[in-house]
Amino acid sequence: MATPHEQDRPGDEDEDRRVDEIVRRGPSGAFAVAGVATAIVVAIYFAFYFFAYLPRGAVQ
């Protein structure tokens, strides 16, 4: 006896096709989020370097 999840419903094939298309495109959104996060970290690093570290001068 099949469970309700195993029974074929109308539209399952369309949904499977849509999911396959999304998976085929790849994780572009994840790469975009990772790129933005990396850019923010680099910007914070440079801001710290130019506004906090350099004005203190050379360590003697």
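How many residues apart in helix 2 are tyrosine 49 and tyrosine 53? They are four residues apart, so about one helical turn separates them.

**View 1. The whole protein is a predicted model with two helices and zero strands.** Helices (H or I, at least four residues) and strands (E, at least two) are DSSP runs, numbered from the N terminus. Local features here need pLDDT of at least 70, side-chain atom pairs count only at pLDDT 80 or more, and totals for chains, interfaces and linings use all residues. Residues are numbered from 1 along each chain as its sequence is written, and side-chain values use heavy atoms, leaving out hydrogens and water.

**View 2. Phenylalanine 46 and phenylalanine 50 sit in helix 2, four residues apart.** (Buried means under 20% relative accessible area, exposed over 50%, and partly exposed in between, with a 1.4 Å probe and protein chains only.)

**View 3. Tyrosine 49 and tyrosine 53 make a stacked aromatic pair.** Look for 5.6 Å centre to centre and 25° between the planes. Rings of Phe, Tyr and Trp (its six-membered ring) pair if their centres lie within 6.5 Å; planes under 30 degrees apart count as stacked, over 60 as edge-to-face and the rest as tilted. Tyrosine 49 is partly exposed at 31%, and tyrosine 53 is partly exposed too, at 45%.

**View 4. Zoom out a bit and you get one aromatic cluster.** Its members are Tyr45, Phe46, Tyr49, Phe50 and Tyr53.
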